[in-house]
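Biologist: I have a structure open and want to learn how to read it. Can we go through it feature by feature?
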Amino acid sequence: MTPKELLFTALRHEVTPRAPWVPFAGVHAGALIGANATQVLTDEDTLFKALMEVNRLYRPDGQPVVFDLQLEAEILGCDLAWADDGPPSVASHPLADTMTVPCKCKLPKPDQGRLPLVLSVMRRMKEAVGETTALYGLICGPFTLASHLRGNDLFMDMYDDEDYVNDLLGFCTECGKLMCDYFIEAGMDVIAVVDPLVSQISTTHFEDFLSGPYTELFDHIRSKGVFSSFFVCGDATRNIEAMCQTKPDSISVDENVDIIAAKAITDKYNVVIGGNIPLTSIMLHGTQQDNMKYVVDLLAQLPEYKNFILAPGCDMPYAVPIENTIGVAQAALETESVRAMVANYVSDTFDVDVEIPDYEHLERPLVEVFTLDSATCAACTYMLGAATAAKERFGTEIDMVEYKFTEKENIARCKKMGVKNLPSIYINGKLKFASIIPSREELDAAIKEVL
Amino acid sequence: MSILNDISENLQRGKAKVVKELVQQAIDEGISAKEILENGLLAGMSVIGEKFKNNEVFVPEVLVAARAMNMGTALLKPLLTGDGVEAQGKVVLGTIKGDLHDIGKNLVKMMMEGKGLEVIDLGTDVAPEKYVEVAQAEGCQIIACSSLLTTTMGMMEDVVKQAEAAGIRDKVKIMVGGAPVTEDFCKKIGADKYTADAASAADAALEICQSMA
Amino acid sequence: MDLYLITGFLGAGKTTFLRNFIHLFAGKRVYLIINEFGKTGIDGTLLQEMGAVMEEISNGSIFCSCRLDQFETVLAAAVSGEPDVILVEASGLSDPTNIQKILSQGRLDVIQYKGSVCLVDACWFSKVVETARMCRKQVAVSSLALLNKVDAASPEQIEHTEALLREINPGIIVQRTTFGAFQPQWLEAICPEPALEEAFQNADITLQKACVIFSPDITPVQLKGFLTLVGEETYRMKGFVETSSGLYLADCVSSAIKLDPYAGDVSADDRGKLVLLAGKGMRLRQIIKQAKTWYGQWMKEVQYG
């Protein structure tokens with residue numbers, strides 16, 4: 001079964017051998033190749049290269065092609081404020097002082113704004129990895145898009161002029177349907193409708209204003225023969241049931257929702273739930289161990305892998321340490337072996353005696369590669385591959401050894417040496433490369449320094 | 001008094017026009033502005049705040065309630081100056097530099113005003129030195145910073161540093177909040193108070209101001 | 001065959017100008033394409049004398065992208081009649097760059113695009129240019145600006161307006177006039193401008209349109225009351241309204257209200273319908289809602305968009 005088929009199986013509500021894994025690497029994809037957020041979202045080749053790196057390092061079953069809820073708003077005349085380390089923000093709301101519903105002729109066309117770039121990258125990704133990886137096309141949800149256009153007055157309009165809100169949401173729903181069409185035509189397998197603001201309204205308001213538009217959107221996506229997902233942010237717990245009733249194939253939530261409790265509701269409607277690795281406390285600020293532990297603990301709460309997708313809570317922060325996501329990926333793909341690692345790592349009774357080399361008095365340089373498991377973890381495979389190739393080039397001039405975290409004594413070694421992130425390369429006991437695979441030149445230079 | 005109850009009830013339902021009419025009626029009946037404010041408008045806003053905290057009402061409900069409150073206070077303002085009613089404290093508030101999100105910040109403002117605090121709203125994308133400058137010039141007891149982005153929350157540390165540099169750290173308390181902000185983060189950057197929601201922020205701000213009075 | 005584009009914001013005097021302009025083409029076969037607010041101003045006998053044909057585009061701005069298909073159909077019909085000259089009067093809220101889009105598709109290459117002239121209200125322009133993005137576009141695509149109504153404007157207003165026009169389009173030639181009068185020698189100044197740059201291509205989603213259908217028992221006084229209340233929040237209001245005292249033509253530019261009995265022929269479809277156009281910052285929807293509390297019993301239907 002290809003990773004893509006695994007995800008499809010889950011979206012068809014069947015049992016999967018492991019939990020499908022979908023890293024929401026939006027601007028974070030840029031961090032993998034040293035490009036900033038603005039470059040990732042405005043330069044086609046940069047975006048493509050970054051997404052390919054996500055695919056290579058994180059081994060996703062599915063991945064979004066671009067995570068930018070401002071794409072439609074920009075075309076509709078909102079000014080954007082760009083940032084180096086995050087997606088752009090909407091800086092002006094054209095309808096803030098003008099209570100009108102735009103003419104349908106203003107709806108985005110494929111040659112407007114950044115759509116040509118996005119559609120082209122979608123096609124290139126489909127061509128490059130589409131056989132094995134499910135691709136997500138993300139559209140801005142009608143409520144969030146309406147608030148981009150109208151600003152905060154939208155909330156007040158819900159009391160003052162319900163017809164207006166309905167009409168404006170109707171326009172935004174049309175916009176969403178068009179975007180679905182463009183994205184599906186460009187090869188997307190799953191359309192995710194992303195509406196963070198849904199968590200800010202009551203269930204009554206959701207039912208009054210959004211049940212209709214969402215049902216229409218998901219019907220439309222279904223009629224096109226692809227899967228759908230409904231992304232929310234924030235504490236949307238109370239609205240999960242109403243969201244299920246709009247009939248998406250899946251729902252994705254963040255850490256503000258108790259995903260196990262929410263799953264009881266989504267299961268009732270036979271909807272897949274995805275989430276909800278905490279973005280800030282775990283992915284951004286936690287260690288690799290924290291990330292692996294969080295995932296195996298979460299997965300342990302599931303009686304079986306059915307109607308569940310493992311994913312970050314939302315768009316990953318730009319600066320999430322790469323090793324953290326690698327840890328998450330490994331925990332998703334090799335859950336049992338990572339569970340053992342985590343258990344061994346935290347056990348206090350653990351006292352395997354390991355001998356640390358006398359780095360000051362080595363006969364020749366020693367390259368030590370620490371991996372989660374080079375057989376199963378993609379980043380680890382590449383890291384070991386780089387070291388093996390160096391060993392071939394330098395021959396007997398250097399020594400090279402791999403320590404897999406799957407072995408108890410290697411965990412002890414890591415603890416003793418203070419190795420925090422895997423995979424990494426140490427040369428003569430000093431950390432040289434962590435998570436980011438060095439190029440041949442970089443690695444050779446680091447070795448020559450100590451020859 | 002039932003008219004004050006009516007004001008509170010209608011405010012909670014966001015009936016701005018009715019609130020305005022009732023406030024005028026209460027004034028005409030000779031009820032003091034202070035009483036109308038405290039037992040009518042602020043009482044209603046306080047209920048909304050509590051319900052918001054408990055996830056019983058949400059952003060739209062708070063916004064319309066606050067609008068109703070503003071309609072009422074506009075009528076009372078000219079009467080309040082001579083009525084011995086003073087603000088409970090002064091807060092300078094804004095969304096931190098680099099961040100344009102203002103829903104949460106606006107809610108905090110409304111809730112704080114609902115507690116009788118005076119709030120100076122600097123809007124969004126506010127430079128750390130600006131908070132300090134205004135706090136100094138206006139004699140605020142509290143600087144309150146909001147952030148929705150993981151990338152901008154770090155800026156809040158600069159507010160603490162700037163306040164230290166300006167020598168007002170002992171005179172002003174710094175409050176932080178927003179989706180990615182946590183208690184740990186608040187401690188780490190040396191801020192004084194983190195609250196998880198707007199209503200709690202208003203409660204905490206009132207408490208701080210009273211303790212500093 | 002030659003095609004001239006006549007642009008200018010609502011109420012700038014395009015219709016009056018057309019009556020003068022058409023005389024330049026005496027002896028030639030002229031085909032007029034007029035937006036929905038223009039037709040009533042053109043005298044049928046004048047057309048007959050000139051041997052000109054007129055076609056009106058209704059239900060939306062002539063160049064609004066959503067009506068492009070309709071416009072192209074009308075244009076194709078014009079071409080099939082083999083006129084010498086086609087004059088296109090673009091609605092004051094329409095996007096003039098759309099004509100370039102249609103002509104560049106190559107399906108109508110018998111048409112020689114001669115360029116655009118922009119009618120500018122000397123008193124009003126500096127105000128509308130702030131709110132209506134289309135205004136800038138119309139100036140930008142025009143090689144000649146006709147500064148109309150200079151008799152009503154102060155020298156400072158005229159100077160200021162001319163400076164504004166040159167700021168938007170540095171190469172534009174400005175001629176001052178009154179009542180849309182046009183000197184034959186100015187025709188040479190009309191020539192195609194280069195295609196607009198990307199900066200002008202941002203969508204403007206703030207144009208507002210509403211249509212109010214009245215019941216025929218409304219009195220002219222009540223109708224005038226409605227227009228006076230609502231006018232301030234609009235650029236333009238126009239329509240034939242059946243009242244208790246017969247048919248009236250409402251033809252208003254913002255709060256300048258004009259409401260007169262109308263004796264001409266009007267099709268049943270057009271009767272009773274008032275079209276309102278507004279732009280950024282105008283509270284059209286709110287004011288109509290307010291008007292309902294006073295005039296609601298005569299407002300049978302309100303349509304938006």
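Biologist: How many residues of chain A are in contact with chain C?

Modeller: Keep in mind that this is a predicted model. Here 18 residues of chain A are in contact with 19 residues of chain C.

Biologist: What classes make up the side of chain A that touches chain C?

Modeller: That side has 11 nonpolar residues, with three polar and four charged.

Biologist: Now chain B and chain A. How many residues of chain B are in contact with chain A?

Modeller: Count each side separately. Chain B brings 19 residues, and they are in contact with 23 residues of chain A.

Biologist: Which elements give two or more residues to the side of chain B that touches chain A?

Modeller: Two helices of chain B do: α4 (59–80) and α5 (103–114). The largest share is from α4(B), with five residues. By class, this side of chain B has 10 nonpolar, seven polar and two charged residues.

Biologist: Next, helix packing. At what angle do the axes of helix α4 and helix α6 of chain A cross?

Modeller: Read the angle, then the hand. In chain A, the axes of α4 (residues 44–58) and α6 (residues 115–129) come within 10 Å and cross at roughly 35 degrees. The crossing of α4(A) and α6(A) is right-handed.

Biologist: Which residues meet there, in α4(A) and α6(A)?

Modeller: From α4(A), they include Leu47(A), Phe48(A) and Leu51(A). Among those in α6(A) are Val121(A), Arg124(A) and Met125(A). The residues of this contact divide into nine nonpolar, two polar and two charged.

Biologist: Which residues have the most contacts inside the largest nonpolar core?

Modeller: Ile143(B) and Ala205(B) do, in a core of 234 residues. Helix α9 (residues 162–185) of chain A gives the most to this core, with 10 residues. A second, separate core has 70 residues, including Ala12(C), Leu87(C), Val212(C) and Val253(C).

Biologist: What does Ala205(B) touch, not counting residues up to four places away in sequence?

Modeller: Its partners include Gly89(B), Val91(B), Met112(B) and Met175(B).

Biologist: Last, a single residue. Why does Glu133(B) count as partly exposed?

Modeller: Count the neighbours around its C-beta atom. A residue is buried with 20 or more within 10 Å and exposed with 12 or fewer. Glu133(B) has 15, so it counts as partly exposed.

Biologist: Where in chain B is Glu133(B) found?

Modeller: Glu133(B) is in helix α6 (residues 128–138) of chain B. Now set sequence beside space. Gln162(B) is 29 residues from Glu133(B) along the chain, and their C-alpha atoms are separated by 9.3 Å.

Definitions and conventions:
Residues numbered from 1 in each chain as written. Chains lettered and ligands numbered in written order. Predicted model: local features only at pLDDT ≥ 70, side-chain atom pairs only at ≥ 80, totals over all residues. Helix = DSSP H or I, 4+ residues; strand = E, 2+ residues; numbered from the N terminus. Core = buried A, V, L, I, M, F, W, Y, C linked by C-beta atoms within 7 Å. Contact = placed C-beta atoms within 7 Å. Nonpolar A, V, L, I, M, F, W, Y, C, P; charged D, E, K, R; others polar. Axes fitted to C-alpha atoms, helices over the stretch in contact; angles between N-to-C directions. Left-handed = near helix turned anticlockwise from the far one by under 90°.
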